[in-house]
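I opened a new page for this protein. These entries record what I looked up, in the order I went through it.

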Amino acid sequence: MHLFDVYPIYPIEIAKGLGSYVWDNQGTKYLDLYGGHAVISIGHTHPHYVHRLTEQLNKIGFYSNSIKIPIQDRLAEKLGKVSGYDDYQLFLCNSGAEANENALKLASFYNGRKKVIAFKGGFHGRTSMAVAATDNPSIVAPVNQTDNVIFLPFNDENALEELFAKQGNEISSVIIEGIQGVGGINVASDAFLKKIRLLCSQYGAVFIADSVQCGYGRSGKFYAHDWSGVKADIYSMAKGMGNGFPVAGISIAPQLKPKYSLLGTTFGGNHLACAAALAVLELIEQDNLMANAASTGNYVMNALRGHPKVKEIRGKGLMIGIELFEPCEETRKKLIFDHHIFTGSSSNKYTFRLLPALNLTVEDADIFLEAFDKMTR
Ligand code: PLP
């Protein structure tokens with residue numbers, strides 16, 4: 001048997017990691033500004049994380065949601081506190097797509113409607129409704145195609161108003177990333193998020209904030225949508241939540257009421273996943289990682305603004321898009337192979353992404369800035 005070949009890969013085998021660094025099997029050290037696709041939030045193999053997980057594994061790793069799992073309650077309590085959404089409810093699952101799938105489904109159960117508004121350039125995952133709400137026809141299989149999703153231009157308040165005026169009573173939910181990740185780091189404007197809030201409240205639609213990539217402190221606030229000052233009805237989260245352990249969830253506003261069997265999953269919220277997620281939240285809180293993401297992110301963005309090779313810098317905190325005047329693939333290759341720095345691509349071939357651990361230091365950032373400057377001047 002061999003692997004189903006769906007990932008274009010770099011010929012590098014990572015053998016170990018520590019903090020913001022990884023080493024390949026030849027012993028070469030790399031600065032990791034990609035975080036395995038925005039997943040590494042507290043750094044690789046953080047001792048507190050390793051301790052929490054091994055301690056839990058030595059007790060019990062998994063049992064199903066048919067019994068009491070007190071560590072789930074501890075996670076919900078901590079998430080409520082660190083995110084600032086104490087009165088929301090937590091449903092645990094396993095991946096970003098699954099979180100969005102459940103969010104879209106829950107919204108539809110809640111208001112009995114079918115239509116979803118999603119945005120151009122958005123990415124919400126690869127399961128049935130999540131992929132239907134993703135603006136990339138090449139990953140939507142015929143079986144996933146539906147008339148229930150309406151795509152509107154990103155940050156276009158007029159288009160949104162017009163659509164609600166026409167068919168607002170049919171809209172079940174509006175799903176939006178606070179900062180589009182895969183699409184190339186496009187920040188939703190405060191005015192646009194406020195308008196979504198207003199129209200959803202007015203027409204009884206559910207505001208779903210996809211925080212899978214831009215959440216968990218990466219933007220400098222817990223959810224990137226928080227910068228707008230309005231609250232969504234459901235926040236989906238995954239990537240940074242478990243620092244690499246597969247764990248995801250949705251944070252659900254109080255008016256959406258649970259009932260038995262409405263949602264469910266076998267693996268979601270297992271003991272080990274909760275231990276990983278708790279370790280991450282404890283470190284975000286204890287080490288002030290949101291403040292560090294904001295300040296180190298600003299430092300990097302300010303340093304790159306006005307650089308002759310950089311057309312535009314977009315993002316917030318440690319979710320940064322660097323748009324060049326030319327396609328960026330060569331630059332990324334040079335960064336990896338000549339300077340040993342990992343960065344991320346995007347669907348915009350001119351833009352590459354920095355998605356490092358939230359405890360990236362200014363000294364680490366300087367290594368990248370110097371390399372980028374040297375190779376592009
Ligand atoms: N939503 C956003 C904004 C994402 O960036 C991603 C993955 O890149 C997903 C959802 C899907 O997450 P997963 O790959 O864990 O299913």
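I first noted the rule for contact: two residues are in contact if their C-beta atoms, placed from the backbone, lie within 7 Å. Axes are lines fitted to C-alpha atoms, for helices over the stretch in contact, and angles run from 0 to 180 degrees between N-to-C directions. Helices (H or I, at least four residues) and strands (E, at least two) are DSSP runs, numbered from the N terminus.

Two notes on the source. I count residues from 1 along each chain, as its sequence is written. The model is predicted, so I kept in mind that local features need pLDDT of at least 70, that side-chain atom pairs count only at pLDDT 80 or more, and that totals for chains, interfaces and linings use all residues.

**Entry 1: overall**
I found eleven helices and 16 strands in the protein. The C-alpha atoms fill a box of roughly 55 × 55 × 45 Å along the principal axes.

**Entry 2: domains**
I read off domain 1 (14–38 + 288–376) and domain 2 (48–286); such bounds come from an automatic or database domain assignment. Their centres, taken over C-alpha atoms, are 26 Å apart. In domain 1, 21 residues are in contact with 23 residues of domain 2. On the domain 1 side, helix H1 (35–38), H9, E13, E14 and E16 each give two or more residues. H9 gives the most, with five residues. I sorted this side of domain 1 by class and got nine nonpolar, nine polar and three charged residues. For the classes, Ala, Val, Leu, Ile, Met, Phe, Trp, Tyr, Cys and Pro count as nonpolar, Asp, Glu, Lys and Arg as charged, and the others, Gly among them, as polar.

**Entry 3: a sheet**
I traced an open, antiparallel sheet of three strands in the order E13-E14-E16; strands pair if DSSP finds at least two bridges between them. Strand E13 (310–316) and strand E16 (351–354) are the edges, each pairing on one side only. From one strand to the next, the twist averages 20°. E13 is joined to strand E14 (residues 319–324) by six bridges. Opposite Arg314 I found Gly321 in E14. Helix H9 (residues 289–304) lies across E13, E14 and E16, at about 165° to E13.

**Entry 4: the ligand**
Which residues are the closest to the ligand? I listed Gly96, Ala97, Gly125, Val212 and Gln213, from a shell of 14 residues; a residue is near if its C-beta atom, placed from the backbone, lies within 6 Å. Helix H4 (residues 96–111) gives the most to this shell, three residues. The shell has five nonpolar, seven polar and two charged residues.
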